Amino acid sequence: SNDGLVFVRVEDIIYCEASSNYTLIHTTDGKKHVVSRTLKEYEDLLVDQDFFRIHNSYLINLNALKKYV
């Protein structure tokens with residue numbers, strides 16, 4: 001962020017959303033963190049942490065999943 005680094009616990013991430021060459025990380029406290037890495041980079045980092053790529057633009061935390069339609 002403009003103020004410095006923000007540390008987010010993996011279990012607090014609900015999902016990650018692609019935004020061009022950036023990623024929006026949505027957390028349980030309702031905040032969105034903009035990061036200058038691609039969604040693919042986060043997919044590689046979080047695959048062993050129960051995250052799943054459900055769409056080209058979304059990577060979800062399976063532990064935060066409440067309903068599937």
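1. Basis of the note. This is a predicted model, in which local features need pLDDT of at least 70 and side-chain atom pairs count only at pLDDT 80 or more, while totals for chains, interfaces and linings use all residues. Residues are numbered from 1 along each chain as its sequence is written, and side-chain values use heavy atoms, with hydrogens and water left out.

2. The β2 and β3 pair. Strand β2 covers residues 22-27 and β3 covers 32-35; strands here are DSSP runs of E with at least two residues, helices are runs of H or I with at least four, and both are numbered from the N terminus. The two strands run antiparallel and are joined by four bridges, where pairing requires that DSSP finds at least two bridges between the strands. Four residues lie between the strands of this hairpin, and Gly30 takes a positive phi near 85 degrees there.

3. His33 and the faces of β3. His33 lies in strand β3 and counts as buried at 19% relative accessibility, because buried means under 20% relative accessible area, with exposed over 50% and partly exposed in between (1.4 Å probe, protein chains only). Together with Val35, His33 makes up the covered face of β3, whereas Lys32 and Val34 form the uncovered one. In a regular strand the side chains alternate between the two faces of the sheet. Leaving aside residues up to four places away in sequence, His33 touches Val6, Val8, Thr23, Leu24, Ile25 and Thr27, a contact being heavy atoms within 4.5 Å. His33 and Thr23 are ten residues apart along the chain, and their C-alpha atoms are separated by 8.0 Å.

4. Thr27 in β2. Thr27 lies in strand β2 and is buried, with a relative accessible area of 6%. Its contacts, not counting residues up to four places away in sequence, are Val8, Asp12, Ile13, Ile14 and His33. The side chain of Thr27 also makes a polar contact with the side chain of Asp29 at 2.4 Å; such a contact is a pair of N or O atoms within 3.5 Å, and within protein one must be able to donate a hydrogen and the other to accept it, with residues adjacent in sequence counting only if both atoms are side-chain atoms.

5. Tyr42 is found in helix α1, residues 39-46, and is buried with a relative accessible area of 14%. Beyond residues up to four places away in sequence, Tyr42 touches Thr23, Ile25, Val35, Arg37 and Leu59. Glu41 is found in helix α1 as well, but Glu41 is partly exposed, with a relative accessible area of 33%.

6. The largest pocket. About 470 Å³ of space lies in this pocket, which is an open set of points on a 1 Å grid over the protein atoms alone, where a 1.4 Å probe fits and protein lies on both sides within 12 Å along at least five of seven lines; lining residues have an atom within 4 Å of a point. Of the 16 residues that line the largest pocket, Val6, Val8, Ile25, Val35 and Tyr42 are the closest to its centre. The lining has twelve nonpolar, three polar and one charged residues, and β3 and α1 each supply at least two residues of it.

7. The β4 and β5 hairpin. Strands β4 (residues 51-55) and β5 (residues 58-61) run antiparallel and are joined by four bridges, and two residues lie between them in the hairpin. Arg53 has Leu59 as its bridge partner in β5. Arg53 and Tyr42 are eleven residues apart in sequence and 10 Å apart in space, C-alpha to C-alpha.

8. Two loop residues to check. Most residues other than glycine have a negative phi. Ser20, in the loop between β1 (13-19) and β2, has a positive phi of about 60 degrees although it is not a glycine, and Ser20 is exposed with a relative accessible area of 71%. Asp50, in the loop between α1 and β4, has a positive phi near 65 degrees and is partly exposed, with a relative accessible area of 42%.

Note on methods
Points joined across faces, edges and corners; volume = space filled by probe spheres on them. Nonpolar A, V, L, I, M, F, W, Y, C, P; charged D, E, K, R; others polar.
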